[in-house]
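Reader: Could you walk me through the aromatic contacts in this model?
Author: Happy to, with the structure in view.

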Amino acid sequence: MFARFSPSSEALTPFLFFTGKGGVGKTSTACATAISLADQGKNVLLVSTDPASNLQDVLEFNVQRDPQAVPAVEGLYACNIDPEEAARMYREKMVGPYRGVLPDDAVASMEEQLSGACTVEIAAFDEFTALLVDAEVTSHYDHIVFDTAPTGHTLRLLQLPTAWSSFLTSSTHGASCLGPLSGLQEKKDSYSESMQALSDSEKTKLMLVTRPEPSAIAEAKRAADELLEIGMKNQHLIMNGWLEGLKTDDAVANAFYNRQQEAVGRIDEASFSSISMLPFVSHSLTGIQSLRSWFSLQHEEQALQNDKPSLRAAVQSIDDYVDSLILNGQRVIMTMGKGGVGKTSMASTIAAKLSDKGHSVHLTTTDPADHLSGMVTKSSRLHVSSINPKKEVERYTHQVLTEAASLSDSEREYLEEDLRSPCTEEIAVFQAFASIVAQSEHEFVVIDTAPTGHTLLLLDAAQSYHKEVERMTGQKTPDSIKQLLPTLRDPLQTSIAIVTLAEATPVLEASRLQEDLKRAGITSSWWLINQSLFAADSREPVLANRANEEVKWIDTVHRKFAKETVLIPWHA
């Protein structure tokens, strides 16, 4: 098996970027690495650019925007860049001059173009560029540790010359999640210098944090490939949460252990410069001493706690949710949530239960159909379809580029990269879903993978554009497209099930998703807390203690975010 991760100042580069999907432990790993390097006598700056940053919780220290010394760790400094605030300032800089000049709906469209995740990311990148290229900053530190790295898509956009022009200001294709970058023209040279630093393996190392689970490993591989495209070759995979051994013959623990073994056995080791692991721990990784012990061989799992905490939340079962759909006549069901929380399994379970109760159901997904074959049993009442995202994006991209035939070569290159954004895939796929949603008059439609509120608003803007085309050319927009958003915004027709895990990052990310949907006029009442160790009732000490840690997050979901909370036990 892989060796335990142990940071060495000799083996690590001056710049360290920790990345990975939400909930895999990026912040804890970044903090523990920074502490370890400082303990080796190095001056270290720890920087978070995560919108859901819990840096202050992990370090138990009020982290500010400007670097400050961290108590109890000599040589360690930390700062917290607020990407949401950076994005707000960036958005206002771009849109402000047009207020009162352009029509209100045009200004609103510009604001939405600059409201996506990529805008947040680029604004944060603008903030920490100085940390990469400013000699006054870099000369003070031996290592600068970044919690959260930019995606390959954003970095590729920054490498294109047209990214620094304003030709997209009047873009109408509606898919851009970045929008014009002309507001950063004066920083073009420092951006170029930053890109050189990122691709220099002597200066920068990319730490891909994952968990020994199939979806998390697949996401790490995707991120690795994407960042490899822009020259970030020095990549190290950290397998966080590895269950090193069992102390009981508990069935849940054995299934948990075997699933990890199977997932890790499928890793393509050639994709990474090196691979190491960190142990699964039950306790919260907060506080300096806890983080120090995590990397040392002194770590010992505490004994099983005798008192199992009780839930204050009034949780329900997945059957209760299905019964409510039937009672309320909500025929369109969408499972939503961040990657790796189990949207597909939840959609499959809901569809199967509706079918078992005698209802006609159409389950549709962007996952390959054979991925669902082991989850549901097809019948005369249950129809399963799958939409190929790659083909839908190709179709949509061809449509947009055909409409933009007059662009120059450099403008076309920018637009092609812009069309590789996550928002493009969401819009392309959901336009394909539209015809299926229209069938809800005759059957239940369960959709695995739904777009964010931001993408729905972009889709709305795109529909406005197509309405204008229809008015000018006489070409009719399909009724399924016209009725899509009104259907999703009607709680009498549509139910949004937000899927999450009983952990800090997935819950916080899901809460932001819920707010995002509200901006698009879509409400969600039900939260499905998936893969709960608390509900599984394992006797294995490390799993049972982790289960007790879940209680506060289950209660938080019920108290702050969900009208109805469903708790689903962990299963293999």
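What follows is a short exchange about ring pairs and charges over rings.

Author: This is a predicted model, in which local features need pLDDT of at least 70, side-chain atom pairs count only at pLDDT 80 or more, and totals for chains, interfaces and linings use all residues. Residues are numbered from 1 along each chain as its sequence is written, and side-chain values use heavy atoms, with hydrogens and water left out.

Reader: How many aromatic pairs does a search of the whole structure find?
Author: Rings of Phe, Tyr and Trp (its six-membered ring) pair if their centres lie within 6.5 Å; planes under 30 degrees apart are stacked, over 60 edge-to-face, and the rest tilted. Searching the whole structure on that basis, the number of aromatic pairs is eight.

Reader: What kind of pair do tyrosine 77 and tyrosine 141 form?
Author: Their ring centres are 5.8 Å apart. The planes meet at 65 degrees, so the pair is edge-to-face.

Reader: Is tyrosine 141 buried or exposed?
Author: Buried means under 20% relative accessible area, exposed over 50%, and partly exposed in between (1.4 Å probe, protein chains only). Tyrosine 141 has 17% relative accessibility, so this residue counts as buried.

Reader: Which ring does the charged end of arginine 546 sit over?
Author: A charge sits over a ring if NZ of Lys or CZ of Arg is within 6 Å of the ring centre and within 35 degrees of the ring normal. For arginine 546, the charged end is 4.3 Å from the centre of the ring of phenylalanine 280.

Reader: Which residues do ring pairs link into a cluster?
Author: Here the ring pairs join up into a cluster. Its members are Phe5, Trp294 and Phe295.
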